Amino acid sequence: MSSKTLALIVVLMAVPACAQQRGQYLSGLSANNSGVMPEPGLTYANLFYYSSSSRLKGPNGQGLPVTGQFAILVDNNVFMYVYKPKILGGYLESMADVPIANGSLAASLFASGRAISGGGGGIADTYFVPAQIGWHLHRLDIQTGYAFFAPTGRYTAGATNNVGVGYWTNAYQASATIYLTANKATSLNAFNIYSWSRQQPGTNITPGQNDSFDYSLLQVLPLTKGKEKTYLLQTGVIGYGQWQTSNSSGVPPAVAGSRYGVNAVGFTVNVLVPGKKLSIGTSAFWELGAYNTREGHVLMISGVFSF
């Protein structure tokens with residue numbers, strides 16, 4: 001944990017207001033090509049995620065008097081396998097995201113003047129999608145399935161070097177890519193994941209349920225001339241929102257009803273190489289409209305390769 005991060009937490013210890021713990025899903029990860037399932041076989045994606053926050057917002061979105069910075073660095077290693085046989089007219093996919101992080105990805109709960117925060121490094125909680133079905137339609141790609149977060153990250157109640165949060169989380173997710181043009185160059189993308197968690201060991205806290213929504217409007221342009229179009233540029237506007245939808249339990253009364261919310265907008269630029277089943281890109285988000293949580297910005301760098 002950096003000295004700037006420590007400075008923020010020390011100041012927050014003296015702040016009477018509360019900032020709720022965010023959900024484990026890293027908002028924005030599925031904003032691009034949300035409903036598109038890879039072709040049958042193995043696909044690997046490496047997604048570098050950097051989140052930096054220097055602002056803490058109160059119940060009405062007002063800024064709270066804090067200084068310093070809370071930063072999270074995550075290297076997401078995503079393994080996707082699409083099976084050849086079809087089920088209900090669609091393809092079945094399994095996925096695992098093994099993140100290596102420098103801090104707890106649900107990043108911090110501040111309650112009753114006390115900070116409970118993750119600041120260690122190592123393997124964080126793993127995101128599994130054991131079964132997801134995807135359909136490729138004429139102007140629509142859509143997929144849906146069950147997911148869960150396993151507490152594989154280091155966690156001890158009250159420790160300052162936690163990487164995980166200690167509890168299991170279940171989730172239902174669905175996504176879609178709508179092609180607005182006949183050549184599928186323009187697309188509208190949406191991804192939603194709704195999650196609910198078990199009780200956290202050693203604290204008796206059960207986080208409130210939360211909903212995350214990623215979206216984008218993308219345009220594909222050829223970078224090379226000719227019919228083959230070996231290299232493509234995909235760019236557009238992206239965004240996300242994450243909101244707590246039910247109260248947390250096991251927390252002080254002053255915190256129990258303090259649900260959080262945050263929105264973000266940004267842009268993305270990706271280079272697609274269809275012939276080599278490869279894509280690389282970067283996305284940037286600026287958070288706004290936050291309440292009862294931190295507010296900052298996010299940078300993501302991605303590389304995807306299908307075998």
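In which sense do S7 and strand S8 pair, and over how many bridges? The model is a predicted one. In it, S7 and strand S8 (residues 140-150) run antiparallel to each other, and their pairing extends over nine bridges. The two strands make a hairpin, with three residues between S7 and S8.

S7 also pairs with another strand. Strand S3 (residues 90-101) and strand S7 (residues 126-136) are joined in the antiparallel sense by six bridges. Glutamine 132 in S7 stands opposite glutamate 93, and in S8 the bridge partner of glutamine 132 is glycine 145.

The second topic is charge. Side chains of opposite charge can pair when their charged atoms come close. How many salt bridges does a search of the whole structure find? The search returns three.

One of these salt bridges is formed by the side chains of glutamate 287 and arginine 22, at 3.1 Å from N to O. This pair ties together distant parts of the chain, 265 residues apart: glutamate 287 belongs to strand S14 (residues 278-291), while arginine 22 sits in the loop between helix H1 (3-12) and strand S1 (41-57). Are these two residues buried or exposed? Both glutamate 287 and arginine 22 are buried.

Glutamate 295 takes part in a salt bridge with arginine 55, and the closest N and O atoms of that pair are 3.0 Å apart. Here too distant parts of the chain are linked, since glutamate 295 is in strand S15 (residues 293-306) and arginine 55 is in strand S1, 240 residues apart. Glutamate 295 has a relative accessible area of 5%, so it is buried. Arginine 55 counts as partly exposed because its relative accessibility is 37%.

The side chain of glutamate 295 also meets that of lysine 57 in a salt bridge, with an N to O distance of 3.1 Å. Which residues do salt bridges with shared partners join into one network? They are Arg55, Lys57 and Glu295. Lysine 57 has a relative accessible area of 14% and is therefore buried, the cut-off for that class being under 20%.

Technical notes
Residues numbered from 1 in each chain as written. Predicted model: local features only at pLDDT ≥ 70, side-chain atom pairs only at ≥ 80, totals over all residues. Heavy atoms only, no water. Salt bridge = Lys/Arg side-chain N within 4 Å of Asp/Glu carboxyl O. Helix = DSSP H or I, 4+ residues; strand = E, 2+ residues; numbered from the N terminus. Buried < 20%, exposed > 50% of the residue type's maximum accessible area, 1.4 Å probe, protein only. Pairing = 2+ DSSP bridges.
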